[in-house]
Amino acid sequence: MIGTISLENINYINRSAKLGIFIGEEKHRGKGIGKEAIQLILDYGFHYLNLNSIQLSVFAFNERAIACYKKCGFKEVGRLREAYYLNGKYYDKILMDILKSEFNETYIRNKYIE
């Protein structure tokens, strides 16, 4: 297993969810696996679960992840300043989201998924 990805805290009334992703070993990072997984789950969330908004949070020091999220269409919508303390230093927690209207791709090729 390379990692995990999920849509959590799905709210069907507000049509929103939170994205969680983890790529384990360093050797699997930087190969586009995370980007592809995110695109697939966004497609599933928007086109099969009929969500309107998918959010995530990321710590400011995780520049690689932030760049990946931006490539997938996420936008920064807020920041919790110095919300995370690690090894004697505080880091901001960045809040990002993407709306269904901003996601115009189709990655799931199985036309039998309904």
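Strand 2 and strand 3 run parallel and are joined by three bridges. Here strands (E, at least two residues) and helices (H or I, at least four) are DSSP runs, numbered from the N terminus, and two strands pair if DSSP finds at least two bridges between them. Within this pairing, Ala 17 sits opposite Ile 54 of strand 3.

Before we go on, a word on the model: it is predicted, so local features need pLDDT of at least 70 and side-chain atom pairs count only at pLDDT 80 or more, while totals for chains, interfaces and linings use all residues. Residues are numbered from 1 along each chain as its sequence is written, and side-chain values use heavy atoms, with hydrogens and water left out.

The open sheet has five strands in the order 1-2-3-5-4, and its pairing is mixed. Strand 1 (3-11) and strand 4 (75-86) form the edges, each pairing on one side only. On average, neighbouring strands are turned by 25 degrees against each other, direction ignored. Strands of a sheet pair through backbone hydrogen bonds, either parallel or antiparallel.

The antiparallel part includes strand 3 (residues 53-59) and strand 5 (residues 89-99), which are joined by seven bridges. Strand 4 also runs antiparallel to strand 5, over eight bridges. The hairpin of strand 4 and strand 5 has two residues between the strands, and there Asn 87 takes a positive phi near 50 degrees. Some facing residues in strand 5 are set out here:

| Residue | Partner in strand 5 |
|---|---|
| Ser 57 | Leu 95 |

**The helices**

Helix 1 (residues 33-47) and helix 2 (residues 63-71) pack at an angle of about 40 degrees, with their axes 10 Å apart. Axes are lines fitted to C-alpha atoms, for helices over the stretch in contact, and angles run from 0 to 180 degrees between N-to-C directions. The two helices are therefore oblique to each other; angles under 35 degrees count as roughly parallel, over 145 as roughly antiparallel, 65 to 115 as roughly perpendicular and the rest as oblique.

Which residues of helix 1 and helix 2 meet? Gly 34, Lys 35 and Ile 38 in helix 1 meet Cys 68, Tyr 69 and Lys 71 in helix 2, where contact means heavy atoms within 4.5 Å. Helix 2 also lies across strand 2 (16-23), strand 3 and strand 5, and runs at about 160 degrees to strand 3.

A search of the whole structure gives eight aromatic pairs; rings of Phe, Tyr and Trp (its six-membered ring) pair if their centres lie within 6.5 Å, with planes under 30 degrees apart counting as stacked, over 60 as edge-to-face and the rest as tilted. The rings of Phe 61 and Tyr 91 have centres 4.8 Å apart and planes at 70 degrees, so this pair is edge-to-face. Phe 61 lies in the loop between strand 3 and helix 2 and Tyr 91 in strand 5, so the pair ties together parts that are 30 residues apart in sequence.

Leu 49 is in the loop between helix 1 and strand 3. Not counting residues up to four places away in sequence, Leu 49 touches Leu 7, Ile 10, Tyr 12 and Tyr 44.
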